[in-house]
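User: I'd like to go through this model with you, one feature at a time. Could you take my questions as they come?

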Amino acid sequence: MHTVLPVVFAVCAAASNAVATVLQRKAALTVPRSEGFRAGLMLDLLRRPVWLAGILAVIGAAVCQALALATGPLTIVQPLFVLELPLTLVVASLLMHRRLPGTGWLAVAGVVAGLAVALAAASPSGNRTHVELDRWIPALAVCAGAVVGLALAAVRRPEGRARAACLGAATAISYAVTAALMKAATHILDDQGLVDFLTAWQTYAFAATGVCALFLLENAMQAGPLVASQPALTLGDAMVSLALGITLYEESIRSGWWLLPQVFGVALIAAGVLALARIPLTQSLVAPDEERRTAAAP
């Protein structure tokens, strides 16, 4: 039960996020496009019912994620969000009434099998509930610097895969930091009550980083095809969360010869993600301008 609960909640969160991604992608393609960041983007999206439905799915995912983080270590919960990419394509195939090809299902199986092998071999353990401020400061500084650097790199590039990948990676770091802060805040709520939760800096920090992640995600979805931003988002979130779980919460994974099946599992995940990125269904999630450029390319 110690492992089952966080796994169930994390998988539910990944599924809800997959639904949200597809709905938000559809909405993002209906608003005016721009070369740089645009503050009015959020106001335009608020007028789209599809985007609002996506936000409801995001809220559901956040609740499930909070429950997962409250009952299990960061190094178990966040890597399970790797499932978000295959689930996103499965949801997209259902909403578009198109079949996921056999190679797509094989890639989905590869991602799931790789995740199972990697987690079983790593056997993450530890569930510290309190992190000192002197641990938070360097971790937050490094992550903030990386997000700013990736965002600046994205602004200097035209619309396309590189820009979307940079923004996807920046979003991944923001989501990982949000999860780490959310874990701290949920433990404060559980151990000390509502008043301490509402006065804790971690509560407002995870809310702020969550909003930042959402803003970066919306711009990533407009910057280029989902196939460019989603792998960076999914894999980046898992890797950064793993690092934060080990450095902040003193969680641990098995080393020694166990590293071999862990690497094999990660390789399976990467191969599955790359295969999913190449299936024709992903063309249905490409922005119209990008699709025309792709079609016109020699």
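Predicted model: local features only at pLDDT ≥ 70, side-chain atom pairs only at ≥ 80, totals over all residues.

User: Which side chain meets R135 in a salt bridge?

Analyst: The count of salt bridges here comes to 1. In that pair the N to O distance is 2.5 Å, which sits inside the 4 Å cut-off. The partner of R135 is E250.

User: How many residues apart in sequence are the parts that this pair ties together?

Analyst: R135 belongs to helix α7 (residues 133-155), while E250 is in the loop between α11 (226-247) and α12 (259-278).

User: Is E250 buried, partly exposed or exposed?

Analyst: The relative accessible area of E250 is 45%. Buried would need under 20% and exposed over 50%. So E250 is partly exposed.

User: On to the largest pocket. Which element gives the largest share of its lining?

Analyst: The largest pocket has a volume of about 600 Å³. Its lining has 27 residues, with V58, A62, Q65, Y175 and G210 nearest the centre. Two or more lining residues come from each of α1 (4-28), α3, α8 (161-192), α10 and α11. The largest share, 7 residues, is from α3.

User: Which residues make the nonpolar surface patch?

Analyst: The patch covers about 370 Å². One of its members, L67, is found in helix α3 (residues 49-71). The patch is made by L56, I59, V63 and L67.

User: Now T203: is it buried or exposed?

Analyst: T203 is placed in helix α10 (residues 201-223). Its relative accessibility is 9%, and the cut-off for buried is under 20%. So T203 counts as buried.

User: What does T203 touch, leaving out residues up to four places away in sequence?

Analyst: Contact here takes heavy atoms within 4.5 Å. With residues up to four places away left out, T203 touches A185 and F197.

User: And how far apart in space are T203 and I188, C-alpha to C-alpha?

Analyst: In sequence, T203 and I188 are 15 residues apart. Their C-alpha to C-alpha distance is 9.1 Å.

Conventions: Residues numbered from 1 in each chain as written. Heavy atoms only, no water. Patch = residues over 30% accessible without salt bridge, like charges linked within 9 Å, V, L, I, M, F, W, Y side chains within 5 Å. Areas by Shrake-Rupley, 256 points an atom, 1.4 Å probe, with all protein chains shown as cover. Helix = DSSP H or I, 4+ residues; strand = E, 2+ residues; numbered from the N terminus. Buried < 20%, exposed > 50% of the residue type's maximum accessible area, 1.4 Å probe, protein only. 1 Å grid on protein atoms, 1.4 Å probe; cavity = no way out; pocket = protein on both sides within 12 Å on 5 of 7 lines; lining within 4 Å. Points joined across faces, edges and corners; volume = space filled by probe spheres on them.
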